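Subject: Structure for your review

Dear colleague,

Please find below the structure that I am handing over to you. I would ask you to open it beside this message while you read.

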Amino acid sequence: AGRGRDDVDAARRLDLELISMSAAEYYAEMAAYFDPILGLAWAMAILIGIAAATGGANTVIAAVQDRVREIGTLRAIGYRGSAVALAVLQENLVLSMAGALLGLFLARVALSQASVSMAMTAFRVQVDPVSVLIGLGGMIAISVVSSAPALIRILRLPVTRALKES
């Protein structure tokens, strides 16, 4: 069997180093190459989540502070602190879910034809069901964590002090 034209061309080029490997080995090496980038992406996502939780906590605390008399009135007419706290948590989750769904929709539209080229490799960016579940799960976790300081304040707030605050 004779050598093909590509083999002859490759043999003449002394600056090339050619090795033969299976597709599975090639993709395993490429995955290992991108592991640090994936780690950085996860670190960035965690930092963004912390920033979102901090901003969300500030917003929920401000909302509770503006409604202290309303909360005190509800407590005075017989609502338990846990019921009021649950209502505030539900309100925060509904607003967060609306924002997350809008963000996922916009990401799906904006990234529908996006691709990234890096190190002689190209890959398509897509919003798949796993990404949607991770995004929604992260949103729920951030909402609950950001609501915690305000919920603790609601549970510890004496009714008489709540009714006096303006």
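Predicted model: local features only at pLDDT ≥ 70, side-chain atom pairs only at ≥ 80, totals over all residues.

I begin with the largest pocket, whose volume is about 1,100 Å³. Its lining is made of 30 residues, and L38, A41, W42, A45 and S131 are those that lie nearest its centre. Two or more lining residues come from each of α2 (23–66), α4 (81–110), β2 (121–124) and α5 (129–156). The largest share belongs to α2, which provides 12 residues. Sorted by class, the lining of this pocket holds 22 nonpolar, 6 polar and 2 charged residues.

The second largest pocket has a volume of about 210 Å³. It is lined by 15 residues, and nearest its centre lie G56, T59, V60, N92 and L95. At least two residues of this lining are supplied by each of α2, α4 and α5. Here too the most comes from α2, with 6 residues. The classes in the lining of the second largest pocket are 7 nonpolar, 6 polar and 2 charged residues.

I turn now to the helices, starting with α4. How far apart should the ends of α4 be, at 1.5 Å a residue? The 30 residues of α4 should span 44 Å, and the end C-alpha atoms are 43 Å apart, so the two values agree. The buried residues of α4 are G81, V84, A85, V88, L89, N92, S96, A100 and L104. These buried residues pack against α2, α3 and α5.

The same check can be made for α5. Its 28 residues should span 40 Å at 1.5 Å a residue, and its end C-alpha atoms are 40 Å apart, which agrees. Where does α5 bend? The bend, of about 40°, is at A148, and a proline, P149, follows within four residues. In α5, the residues L136, M139, S143, S146, S147, A150, L151 and I154 are buried. Among the elements that cover them are α2, α3 (68–76) and α4.

An α-helix has 3.6 residues a turn, so residues three or four places apart point the same way.

With kind regards

Note on methods: Residues numbered from 1 in each chain as written. Heavy atoms only, no water. 1 Å grid on protein atoms, 1.4 Å probe; cavity = no way out; pocket = protein on both sides within 12 Å on 5 of 7 lines; lining within 4 Å. Points joined across faces, edges and corners; volume = space filled by probe spheres on them. Nonpolar A, V, L, I, M, F, W, Y, C, P; charged D, E, K, R; others polar. Expected span 1.5 Å × (residues − 1). Bend = angle between axes of the 7 residues up to and from the residue. Buried < 20%, exposed > 50% of the residue type's maximum accessible area, 1.4 Å probe, protein only. Contact = heavy atoms within 4.5 Å.
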